[in-house]
Amino acid sequence: MKKRFSIATVANTVFCSLVAFSCLLPVIHLAAMSLSNEDLVIFGQVSLWPKGFNLSSYEYIIENSAFWRSCMVTLLRLVTGVPLKLIVCVMAAYPLSKLDGSFRHRSLFVWLIFFTMLFNGGLIPWFIVINELKLTGSLWALILPCAVVPGNILLLLNFLRTLPGEVEDSALIDGAGRYRILFRIILPISKPALATLCVYAILEHWNAWFDGIILMNSPDRYPLMSYLYYTGETISFSQKSSAEIVDAAGMGRRTYRAAQVFISTLPMLAVYPFFQRYFTKGIVLGAVKG
Amino acid sequence: MLTTRNKPVRRKGGIYRSDNWAYISMLLPTVILLLMFNYLPMAGLLIAFERFIPAKGLFSGSQDWVGLRSFSMAFTDPLFPQALRNTVFLSISKMILYMMASVGMAILMSELKNSFHKRLTQTLVYIPHFISWIILGSAMRMMFASDGIVNRLINSLGGENVGFLTEPGPFSRLLIVSDVWKEFGFGTIIYMAAIAGIDPGLYEAARIDGANKPQQIRYVTIPGISHIIVILSLLNIGGVLNSSFDQIINLYSPNVYQSGDVLDTLIYRKGIVASNYSLATAIGMFKGGVGLALTSLAYYLAYRFADYRIF
Amino acid sequence: MKRLLICIVVIVLTVGMAAGAEDPMLTAVEAYHAYDPIDAFEPPIDVYTVNYVTMTAAEMKNSLWLDVYREYLGVNLIYKWIMPLSQFDNRVNAEISSGDIPDILPVNFVQLSQLIDAGLIEPLTDVWEDGASDLTKRMYELGGCETSFRAATRDGELWAIPLVTPVKETTRAMYLRQDWMDNLGMDAPTNLEELLELCEAFATNDPDGDGRDNTYAIALYSGLWGDYTADLSGFANSFGAYPTIWIEKDGQIEYGGIQPECKEMLAVLADWYQAGYIDKDFTLYSLSDVMDQFARGKYGFMYGTHIAMLEGGQVLYRNNPDFDSMIVALPDVGTDGYPALAYDNTGSYYVVRKGFEHPEVLVQLFNIIHYFASASSEGLTDKDMDLTWWDENLWTGGQGGRFPWNNAYLRPETIHNNIERSYIVQKALETGAPEDIDAALSTGLGRVLYEEAYTHMTQGDQMRLSDDPVTLLAASENWLHAKRYYHYKATEEAYGDNLVTDKRGGIITDSIVDYWESLYTLQLTTYTQIITGEKDVDDFDSFVEAFYQMGGDIVTADINDAYYAK
């Protein structure tokens, strides 16, 4: 069938492009800032094109081994933390999704889990618990406390309820256990939901900066966002040696922050496109019909 | 949740098997983690009823019990009613606009024909989420100043200067629109996934019945993602007393406290003299209580009138 | 066979070199112990502490200073954790709550009071009296530390050693744009009237000569005061107004912000705002925004400390060849006028946990850095001792950048004796006499200052015209530091000892914790509204009433009680 370029299609394309462009503009501005001379930024002369082009901000960040160390920490955190979040979420959402009475104590667990979305004891008790568990300073402090995300469980739970009940019937007849059903049957047809959760989990770990700062014992062990946040706060030239000034000439707090946004955003731009192929139609249907 | 009706929902001819232990074992990791990192610290809610002084120790029992004093000090603070009002107004406005924007964009983006354009747009719209308010705030202060680019544009079109950051009225609108702009792209992720999950057969059927695009959207797409919309709204309603603290702290100033000062910024300022953990915990409890009430209400309404169990 | 021979040669050489070489650090250790006979702990004891980090973490943890502490004092200083200042208090509070206090701990004033009440720290009166070296005590006295020690004292017992910045180094001056003054043909104002004239000239007489009406009378930002530049409290000082502190008036302590002099000042500002002499956007400016505006040539002067030109000023210096700053004391302030405002000069209070066997370690840490800063110039060591080791490694260059002393555990500003040092360096620059230059170069810090000032004097004008960003940056840094002398000269001469500090310093009461924030917000909002014209100047009086009604009366009474009890 020939593609019809109706007015609606064209209007849609234009509108979406405008919106996307409005999101792109500040990014271009930040890119320009990060590549510009700090003085010119202060004078307000930098809008969409770098002025006084220099790579000092990026060099300042990248040539610091502490930066790479923090990338490593974040990488470790992702590799361990994301699978943990996913498994926890999946194993919690499946039982809670069962409205058919096969789970007698479902309500109790619903309360248990979702109550925590609304109430918490505050920063100090939370810190004390983590400290008493001897987790402060260790990577686990960045992974365990945030492993359960009730909001994500809720999303997955509701998604699972949209799956037709028939998919489990044959397995139940065969006497398969719930674990087997969950991992062999349910998960393979939940790709869009899993992909979404994966994106969320990755972003949550990537963006987290506060826990790094308050739970780690030294900036050596900060994840990337915490590291960038803290170095941004401590930029000062009056205390630098002449060798360091060479690196830092032309940059300052503003260009640093702009470069910081880039470095923290770029890797994440690759995440979503990677998962986009899972957001396609008809996966659920195929499983039942086939 | 008001789940007095615990009658199971069953299909005709479906297979059912009670598997309590298997299910409980699946929930074990979650429960253990929550007990450790959420419930154990919850004992600290006691701080709200004490005049908390860190040096006296958290559970030593030597803290002064002051009952509801922190709550009453908060509620009688001259700026409290305003902060509460602003918080609710900003939250609800943002929620509504956010939902409209992310659902709307998700639908429109799904309709884009060129797959490259579609992917590109999807990626671009979720970039603002990553720009921290520190830098966005400073850029906005420049853009929306009286000689900033936005006002110059308004002037060139014949309009008068708008005090976006200096007057309460425009300020609240700026807060709402800028926050939605920053976050809506993130919201489209889940809606795009949901739209992808809609049975294509339904579209086919609608087309056969003679529905045009807008009608397909109205009768197939939107109902198809309605459950997600409801869930997300519910998730948000419990948080109506939360605010985008980072945004406000980077954009507000005493002149616009009238519309921009929220509970979180009020507590923040009150904690500056001496970290006032009692007050912060008290307000946190207040927020939790309100959130619980609203969430329960929303659950009940969804159950009663739409026969939909959110939890 | 050949390989074996090579190994033997290498080994012999290494051993030979090790045996013959003297460890310069250990030689310096001898000199220190000769001066200040203390028994270093043998074997070294472990002392646990925490700190907030301003340099990179690696520098702090690998700092040569840790070796110094081990060698000189026999103290193995171990950092349990270090973190940025922004969350430092939260973590300290959390650890205090769980009773987990390290051996030595820096705290703020509120935490100090709470720790004293809870009996969690050791008293330090004797430890300080007996342990602090004469040098340390003298430096502290020069710095004017009575308020800080008073704050740390309760019922006659000293509970903490405060980290003090000399009070005279906290004073404000006016930084005027020399180029604008030249364009307008005006002199520095000597009294309030002349100051107001100057401001209006800045706003109306096109001081930058570009034919556009784009300059303002005064720089203001949304917070109005309280930082190192664009500080309204300097302007207020010339009115005899003290909007930010508690002052003594007729035998009572009252809040400066509700006094009639503030109303006068606000009236002037309100007029200026209406006339367009004040930037209409000031209410949304953060401090760095206002610095940017200064760099863009909107203002003629800043009120601030010696780093008032730190950001905007340096940018202008680098990019505008005509720009220079004129540093003048505030008019009508000082020995011939109102008392000059001096600021809270205490950083952290260092405490020792109860039960720690060696509280004297804390005082020794203070001693050792004061010693290294001053020993060579105070003639406190045998002049034949080679002092290059510690000058080079602990003071300048070497490991850790321009100021390795930043990696020391304690960094009191008192060690620098900045004011005296600036005078000595300036003298050397002016006279060029060998003995003056020697005096200037006699300490590590003096050397740095002298070199910078000398470079600025001889090459500064040339360097600032360069295109190379490195040269420019160096030029502006040199300029900034060379100007320090003028700040001290202006303020020392004009203000003398006629300084006033916040009478509330060192006092914390329940009423302050409960009410102060609301009162302060009320003040800030009211002042802003009066300036912008939203409220009438006469509304100031109703503000004063509201202040008392909202708890200000309780706070005032409490502060009076606490102040006179001491």
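Met95(B), Met99(B), Val103(B) and Ile107(B) of H3(B) are in contact with Ile217(B), Thr221(B), Ile229(B), Ser233(B) and Asn236(B) of H9(B), contact being C-beta atoms, placed from the backbone, within 7 Å. By class, the residues of this contact are six nonpolar, three polar and no charged. Here Ala, Val, Leu, Ile, Met, Phe, Trp, Tyr, Cys and Pro count as nonpolar, Asp, Glu, Lys and Arg as charged, and the others, Gly among them, as polar. This is a predicted model, in which local features need pLDDT of at least 70, side-chain atom pairs count only at pLDDT 80 or more, and totals for chains, interfaces and linings use all residues. Residues are numbered from 1 along each chain as its sequence is written, with chains lettered from A and ligands numbered from 1 in the order in which they are written.

**Helix geometry**
- H3 (residues 80-110) and H9 (residues 213-237) of chain B pack at about 145 degrees, with axes 11 Å apart; helices are DSSP runs (H or I, at least four residues) numbered from the N terminus.
- Axes are lines fitted to C-alpha atoms over the stretch in contact, and angles run from 0 to 180 degrees between N-to-C directions.

**Arg69(B)**
- Arg69(B) lies in helix H2 (residues 69-76) of chain B.
- Arg69(B) is partly exposed because it has 18 C-beta neighbours inside 10 Å (buried is 20 or more other C-beta atoms within 10 Å, exposed 12 or fewer, partly exposed in between; C-beta atoms are placed from the backbone).
- Between Arg69(B) and Ala282(B) there are 9.4 Å, C-alpha to C-alpha, and the two are 213 residues apart in sequence.

**Confidence**
- The complex has an ipTM of 0.87 and a pTM of 0.89 from the predictor.
- Chain C has a mean pLDDT of 86, with 91% of its residues at 70 or more; pLDDT is the predictor's confidence in each residue, from 0 to 100.

Conventions. Helix = DSSP H or I, 4+ residues; strand = E, 2+ residues; numbered from the N terminus. Contact = placed C-beta atoms within 7 Å.
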